[in-house]
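Biologist: Please take a close look at a single part of this model and describe it in one connected account. I should like each term to be given with its cut-offs.

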Amino acid sequence: MELKLYNSLTRQKQVFEPMDPQRVTMYACGPTVYNYVHIGNARPAVVFDTLYRVLKCLYSNVVYARNITDIDDKIINKSNELSQDINVITKKYSEAYFEDMQALNTLTPDKIPYATQHIPEMIDMVQALIDRGHAYETDSENLSDRGHVLFSVPSMPNYGQLSKRNLDEQEAGARVEVAGYKQYAGDFVLWKPSTDNEPGWDSPWGRGRPGWHLECSAMIKKHLGETIDIHAGGQDLIFPHHENEIAQSCCANDGKALANFWMHNGFININGEKMSKSLGNFRLVNDLLQQYPGEVLRYVILSSHYRSEQNFSKELLDSAWRTLDSLYGLIRGLEPVEAVLEPSGAAFKALLDDLNTPVAISELYRLAKAVNQAKGDEQQDIMRELAGLADILGLLQQDPEQWFTQARADDQLTAEQVEVLIQARQQAKQEKDFAKADQVRQQLLDGGVILEDSREGTKWRRS
RNA sequence: GGCGCUGUAGCAAAGUGGUAAUGCAGUGGACUGCAACUCCGCCAUCGUCGGUUCGAUUCCGACCAGCGCCUCCA
């Protein structure tokens, strides 16, 4: 049983072989906490959570780290904008992030490093880069330009290996003015000076703060090691973020590779358009969770392959919800069973093939249908397999009764009212007063409640 | 200009050199007092044009149409 993953570095699917099967390491870039995260931020979290689950099935010890960037100019700007302490902002939004991630059924990573708690490690790395001739401190005549430490891109011959970019062939500075203190247009900031009213830490280059790319490199080294098995993130991070991470880590660690496998998820669009501030079409996870169960969002994300682009729409969400309803309907009618993952099953094989979650999900239906057709012990066996598959996908984790009946924002009837009406209908049915019974059912339907009669009695669910 | 991606049924989405999984929606039927649930069935020739091949949606080429990155970004 081998796991194949698409490696962005080689641009092909490769058999995954960890350096140490006793300690598999993976890192995914987490959020910068200055706002609620949007659905696009949720995709890598869900996708790589699923990878984490698969890896845990294959290896006894998987160390998964996902960082929190809690120092960044965007956060500083927000702080100034709201006249709130930066810590208040980062605390609020990191907590909101964890809540969102929990709603999406993501497992808690083994390590959740915060950038601000790794300043010494970052300073060490900058110093190492300076010592090795890969970084330089600016010494501009312009006072405000002093105190920067930049990575010297020309000092690294194979810079651009991940993004396959040759910076000399890019339109350097075409869209952004190149800062005058750079020796080379592609050089990037490792350490930047802070003014008195900006957060900062003392360093050999004066009081300042780390550049964004540096954080990940330093935290990876500390928590996972100089070279890790898998580094993951969104496609847009390939350049410059991941390219620069490679440059920093590789040059600071005497040429050692930062990661053997690089994995990147595709984008989520909204109604065919990229999410952007100018279009005002961000879909915040927090807002979506007011309308949809977290599992619906997770289902939608897993219903297409992680590397392809995905288009988000109301129709997609509603259809996903209906689908999950039918699966929950199946569980609802059966006794709970112990989940058993079937490693030889088609679903797990699909997951081992570069995380083919759409195929794995289709197996969920195949099993569901088989359960509905089977009886007795056989039914139990298939149900166990279905539950095992659901677990690795992080789906069907709720109590089915609750799934159908839990209160929602737009409810017109309480659960108690529903029960009373069902009783009334039951009474009418026994008296063969079907007109009355249908009238009650219509009343419930108008209130957003659908009934399902069965031998065991009447079940209800919110539509 | 550099690097790269996509185009499969109303919607969503896999996949393969030998005539296309799956879900939603739709539809015919069974079940049901009527429904709902469930079950059985139906519903596509894979952007266009060429080439390679016994045979291509799947390989190659051209074209058309979308799109991403090259600046912060999942």
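Modeller: Leaving aside residues up to four places away in sequence, Asn253 touches Lys221 and Glu226, where contact means heavy atoms within 4.5 Å. The model is a predicted one, in which local features need pLDDT of at least 70, side-chain atom pairs count only at pLDDT 80 or more, and totals for chains, interfaces and linings use all residues. Residues are numbered from 1 along each chain as its sequence is written, chains are lettered from A and ligands numbered from 1 in the order in which they are written, and side-chain values use heavy atoms, with hydrogens and water left out.

Asn253 lies in the loop between α6 and β10 (259–265); helices (H or I, at least four residues) and strands (E, at least two) are DSSP runs numbered from the N terminus. With a relative accessible area of 2%, Asn253 is buried. Buried means under 20% relative accessible area, exposed over 50% and partly exposed in between, for a 1.4 Å probe and protein chains only.

The helix pair comes next. Helix α5 (residues 212–223) and helix α6 (residues 238–252) have axes that come within 9 Å and cross at roughly 55°. The axes are lines fitted to C-alpha atoms, for helices over the stretch in contact, and angles run from 0 to 180 degrees between N-to-C directions. The crossing of α5 past α6 is right-handed, a term used if the near helix is turned clockwise from the far one by less than a right angle, with anticlockwise being left-handed.

On the α5 side, the contact is made by Trp212, His213, Leu214, Cys216, Ser217 and Ile220, which meet Pro240, His241, Asn244, Glu245, Gln248 and Ser249 of α6. Five of the residues in this contact are nonpolar, six are polar and one is charged; Ala, Val, Leu, Ile, Met, Phe, Trp, Tyr, Cys and Pro count as nonpolar, Asp, Glu, Lys and Arg as charged, and the others, Gly among them, as polar. Pro240, found in helix α6, is joined to Phe239 by a cis peptide bond with omega of about 0°.

As to α5 itself, its end C-alpha atoms are 18 Å apart, which agrees with the 16 Å that its 12 residues should span at 1.5 Å a residue; the expected span is 1.5 Å times one less than the number of residues. Nine of the 12 residues of α5 are buried, so the helix is largely enclosed by the rest of the structure. The buried residues are His213, Leu214, Glu215, Cys216, Ser217, Ala218, Met219, Ile220 and His223. Their cover includes β3 (24–28), α4 (119–131), β7 (188–193), β8 (208–210), β9 (228–234) and α6. Just after α5, Gly225 takes a positive phi of about 125°.

Elsewhere, two residues have a positive phi without being glycine. Lys164, in the loop between β6 (149–151) and β7, has a phi of about 55° and is partly exposed at 44% relative accessible area. Leu355, in the loop between α10 (346–352) and α11 (357–373), has a phi of about 60° and is buried at 1% relative accessibility.
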